[in-house]
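New notebook, new structure. I'm jotting down what I look up as I go.

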Amino acid sequence: MKKAVVLAGAALFAAGVMAAEPMIVKGTHELSLAGNLDRDTVALGVGYGYFIMDGLEVGADVAGSYEDMGDNSKVKLLGGDIFAQYNFKIDAPVVPFVGVAGGIRYVKVEVRDFDDDETAALGEAQLGVKYFVADNVAIALYGFYDVSDKEIFTNKDEMEKYDFGARLGMNTYF
């Protein structure tokens, strides 16, 4: 069974290397679905982007997350961003990129007998890669660093103005 999985993965990788020509040119549209790689938080976002020139994409996304901290403590986030990403074309199915985003978040914090709602501004820096498994389909993996004007993120059970981590996503281009 293990050999079959390894062989299937190698075949998919080889097919992607030989077939993929990344669609990161002016006029291309992108739809994306991504989630955080964090064992304590469930987060999901959807987005739309448009390449205004070769390699340069602008767009918008909406995202939500839920974190259950135990002891009847929960943090819920919902918000939207506008973003810009620059994708570096390197004649390979792997495309490195850098990005920035800005937006707002609505936050609901429930801690034991305490409830609080906040709306906060947010800035984000991104650094990652997209692996094109086909001309119009990519798997994205990237790191992010978020900064907010209010303490809306949980880090080790403390509310903070910053957050960082990794996201994994699937993008389609047309």
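My entries below go from the whole chain to single residues and back out again.

**Ground rules**

I'm working with a predicted model, in which local features need pLDDT of at least 70 and side-chain atom pairs count only at pLDDT 80 or more, while totals for chains, interfaces and linings use all residues. I count residues from 1 along each chain as its sequence is written, and side-chain values use heavy atoms, with hydrogens and water left out.

**The whole chain**

I looked up the elements to begin with: the protein chain has one helix and 10 strands. Helices (H or I, at least four residues) and strands (E, at least two) are DSSP runs, numbered from the N terminus. Reading from the N terminus, I get α-β-β-β-β-β-β-β-β-β-β.

Next I checked burial. Of the 174 residues in the protein chain, 34% are buried. Buried means under 20% relative accessible area, exposed over 50%, and partly exposed in between (1.4 Å probe, protein chains only). The chain exposes about 10,100 Å², with carbon and sulfur atoms supplying 65% of it. Those areas come from the Shrake-Rupley method with a 1.4 Å probe, and for residues only the protein chains shown count as cover.

I also looked at contacts, meaning heavy atoms within 4.5 Å. Among those between residues at least 6 apart in sequence, 53% join residues at least 24 apart.

**Serine 148**

Where does serine 148 lie? I found it in strand β7, which covers residues 137-148. Serine 148 is buried, at a relative accessible area of 6%. Its side chain reaches the backbone oxygen of lysine 150 at 3.1 Å. Setting aside neighbours within four places in sequence, I listed Ala120, Ala121, Leu122, Phe153 and Lys161 as its contacts.

**Salt bridges**

How many salt bridges does the structure hold? I noted nine. A salt bridge here is a side-chain nitrogen of Lys or Arg within 4 Å of a carboxyl oxygen of Asp or Glu.

I have lysine 150 as partly exposed at 30%, and glutamate 118 as partly exposed at 29%.

Then I turned to arginine 167 and aspartate 146, whose side chains meet at 3.9 Å, N to O. Arginine 167 sits in strand β10 (residues 162-173) and aspartate 146 in strand β7, so the pair ties together parts 21 residues apart in sequence. Are these two buried or exposed? Both are buried.

Lysine 108 bridges to aspartate 117, with the closest N and O atoms 3.4 Å apart. Lysine 108 is partly exposed at 21%, and aspartate 117 is partly exposed at 40%. I also wrote down a network of salt bridges linking Glu30, Glu57 and Lys130.

**Arginine 39**

My last stop was the loop between β1 (29-36) and β2 (41-53), where arginine 39 lies. At 82% relative accessibility, arginine 39 counts as exposed. Its C-alpha atom is separated by 9.7 Å from that of glutamate 67, 28 residues apart along the chain.

Key:
Polar contact = N/O pair within 3.5 Å; in protein donor to acceptor, adjacent residues only side chain to side chain.
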